[in-house]
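This report goes through one protein model, part by part. The sequence and structure come first.

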Amino acid sequence: MLGLPKENLRLVKADNHKMSVAELERMITEDRKKGMNPFIVIGTTGTTKTGSVDPINDIASVAKKENLWFHIDGAYGALFMLTEKGKEVLKGIHLADSIGFDPHKTLSLPYGTGCLLVKDGSTMNFDYISDDSYMPPTPTQGDHDYADITPELSRDYRGLRVWLPIKTLGIAPFVLNLEEKLKLIEWTEKEIKAIPELEILASPELTILAFAHKNGDAATRLLMEKINNRGTLFLSSCMLNGKLAIRICLLAFRVHYSRLNTGLTEIAQMAKEC
Ligand SMILES: Cc1ncc(COP(=O)(O)O)c(C=O)c1O
């Protein structure tokens with residue numbers, strides 16, 4: 001959407017699934033020497049594969065020093081700020097210039113309710129704002145016209161899908177769900193560690209963990225097929241440093257201890273057969 005070609009995107013290496021800040025600094029210097037103009041750094045608070053949280057304070061320092069916009073992809077993780085543990089893990093998130101986050105993930109709300117927070121609203125005044133005579137007048141008091149800050153003119157009322165459940169139920173049940181999932185994933189990790197055929201590839205920082213079968217990728221793939229065919233749990237897979245991993249992501253408000261317990265008993269049994 002920004003019209004930036006893929007070649008201009010630079011991926012920063014990770015140490016233990018987190019952005020290497022030394023590498024980030026090295027790449028900025030290298031790019032500037034080549035005459036390029038880095039202008040944004042994007043960190044992730046809760047990566048898709050492992051739920052890892054990048055070192056946000058350090059990235060923010062580099063961004064400030066190098067005069068870069070600092071965006072955080074918090075699609076999955078940012079809303080853990082609602083929890084005590086999240087506030088610790090995500091310390092420094094306020095240093096970002098912008099944060100994307102998805103209530104349709106972390107608050108179990110209907111799909112398509114992604115949000116963007118920007119620190120300085122005036123940065124959202126784009127050139128395409130139209131003042132043609134057929135346009136309704138822009139709001140004068142406080143609020144702004146969303147048509148001026150998004151690509152859409154006629155648009156769906158997406159905010160209602162977030163506003164209404166929170167207005168009706170309050171925020172407490174959403175927080176409780178996340179607190180429950182944080183406890184459950186800790187317990188899940190212990191259970192998986194106790195299964196001799198399995199190994200943890202990424203410990204959970206929030207509510208995602210990745211594990212594999214010790215017999216290698218074929219066994220891991222077979223195990224995942226068996227689990228998903230059973231239907232108690234639905235797990236996804238990803239490649240982690242060249243190794244196939246099974247990924248558990250706990251968010252859904254219908255997943256509780258009893259279902260996980262049944263699923264993990266099945267996993268322990270199936271792991272022996274792979
Ligand atoms: C870290 C992260 N960013 C972005 C996305 C994409 O989110 P969406 O499908 O809501 O656009 C995901 C999806 O899993 C994600 O985990």
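Helix α6 covers residues 172-193. At 1.5 Å a residue, its 22 residues should span 32 Å, and the C-alpha atoms at its ends are 32 Å apart, which agrees. The expected span is 1.5 Å times one less than the number of residues. Helices (H or I, at least four residues) and strands (E, at least two) are DSSP runs, numbered from the N terminus. The buried residues of α6 include F174, V175, N177, L178 and K181; L182, L184, I185, T188, E189 and I192 are also among them. Buried means under 20% relative accessible area, exposed over 50%, and partly exposed in between, with a 1.4 Å probe and protein chains only.

The model is predicted: local features need pLDDT of at least 70, side-chain atom pairs count only at pLDDT 80 or more, and totals for chains, interfaces and linings use all residues. Residues are numbered from 1 along each chain as its sequence is written, and side-chain values use heavy atoms, leaving out hydrogens and water.

In the protein there are eight helices and ten strands. The C-alpha trace spans about 70 × 55 × 30 Å along its principal axes. Of the 274 residues, 41% count as buried.

The ligand is surrounded by G46, T48, D73, A75, D102, H104 and K105, where a residue counts if one of its heavy atoms lies within 4 Å. This shell divides into one nonpolar, three polar and three charged residues. Here Ala, Val, Leu, Ile, Met, Phe, Trp, Tyr, Cys and Pro count as nonpolar, Asp, Glu, Lys and Arg as charged, and the others, Gly among them, as polar.

| Residue | Ligand atom | Distance |
|---|---|---|
| D73 | nitrogen | 2.7 Å |
| D102 | oxygen | 2.6 Å |
| H104 | oxygen | 2.8 Å |

Taken alone, the ligand exposes 400 Å², and the protein buries 56% of that. Accessible areas come from the Shrake-Rupley method with a 1.4 Å probe; for residues, only the protein chains shown count as cover.

Where is M81 found? M81 is in the loop between β4 (69-74) and α3 (84-89). M81 has a relative accessible area of 32%, so it is partly exposed. Leaving out residues up to four places away in sequence, M81 touches G86, K87, L90 and I93, with contact meaning heavy atoms within 4.5 Å. The C-alpha atoms of M81 and E23 are separated by 28 Å, and the two residues are 58 residues apart along the chain.

Definitions and conventions:
Polar contact = N/O pair within 3.5 Å; in protein donor to acceptor, adjacent residues only side chain to side chain.
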